[in-house]
Amino acid sequence: MSEEKVSRDPDFPRTLLAARGDMVMRIPSGKDDPVYWVKYHRHNVKMFKAVAVSDPDHKWECLAWADIERRRVEEFTNRPEWRQADDGPSGVVS
């Protein structure tokens, strides 16, 4: 997906501050299934990449946050119990 298409997504905040607030408002409960946590972190990767385009003054901080969230997806999807599951999430958002 090109940066132009990502930056036009109306569902994503346009600034780093708004993205951080959005991230906090959507955080799953500690009791939620790991599937929800993976979806949450994947969404954050996409959101921070989009915000890096729409908020160029904070581009590098947004990209750093996207990388942190990407690594969290990897942590969940690399767990042994996820490798065996046929219906569990797989892969990482690039």
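This is a predicted model: local features need pLDDT of at least 70, side-chain atom pairs count only at pLDDT 80 or more; totals for chains, interfaces and linings use all residues.
Residues are numbered from 1 along each chain as its sequence is written, and side-chain values use heavy atoms, with hydrogens and water left out.

The chain contains five helices and zero strands, in the order α-α-α-α-α from the N terminus. Helices (H or I, at least four residues) and strands (E, at least two) are DSSP runs, numbered from the N terminus. Of the 94 residues in the chain, 33% are buried. Buried means under 20% relative accessible area, exposed over 50%, and partly exposed in between (1.4 Å probe, protein chains only). Among contacts (heavy atoms within 4.5 Å) between residues at least 6 apart in sequence, 61% join residues at least 24 apart.

The largest nonpolar core has 17 residues, and M23, M47 and F48 touch the most other members. Such a core is a set of buried Ala, Val, Leu, Ile, Met, Phe, Trp, Tyr and Cys residues joined through side-chain atoms within 4.5 Å. At least two core residues come from each of α2 (16–26), α3 (34–54) and α4 (59–77). The largest share, eight residues, is supplied by α3.

In α2, the buried residues are L16, A19 and M23. Seen down the axis of α2, these residues fall within an arc of 55 degrees, so they line one face of the helix; the arc is that of the directions from the helix axis to the C-beta atoms. The buried residues of α2 pack against α3 and α4. Exposed residues L17, V24 and M25 are carried on the face of α2 turned away from its buried side.

Helix α3 has 21 residues, which at 1.5 Å a residue should span 30 Å, and its end C-alpha atoms are 30 Å apart, in agreement. The expected span is 1.5 Å times one less than the number of residues in the helix. At the start of α3, a side-chain oxygen of D33 comes to within 2.9 Å of the backbone nitrogen of V35. The buried residues of α3 include W37, Y40, H41, M47 and F48.

Leaving aside neighbours within four places in sequence, M47 contacts F12, P13, A19, D22, M23 and R26. F48, also in α3, is buried at 0% relative accessibility. With the neighbours within four places again left aside, F48 is in contact with L16, A19, R20, M23, C62, W65, A66 and E69. The C-alpha atoms of F48 and P13 are separated by 8.9 Å, although the two residues are 35 apart along the chain.

E69 is placed in α4 and counts as buried, at 1% relative accessibility. Beyond its neighbours within four places in sequence, E69 contacts M23, H41, N44, V45 and F48. The C-alpha atoms of E69 and V38, 31 residues apart along the chain, lie 9.5 Å from each other. R71, also in α4, is partly exposed, with a relative accessible area of 41%. A separation of 9.0 Å is found between the C-alpha atoms of R71 and H41, which are 30 residues apart along the chain.

Methods
A polar contact is a pair of N or O atoms within 3.5 Å; within protein, one must be able to donate a hydrogen and the other to accept it, and residues adjacent in sequence count only if both atoms are side-chain atoms.
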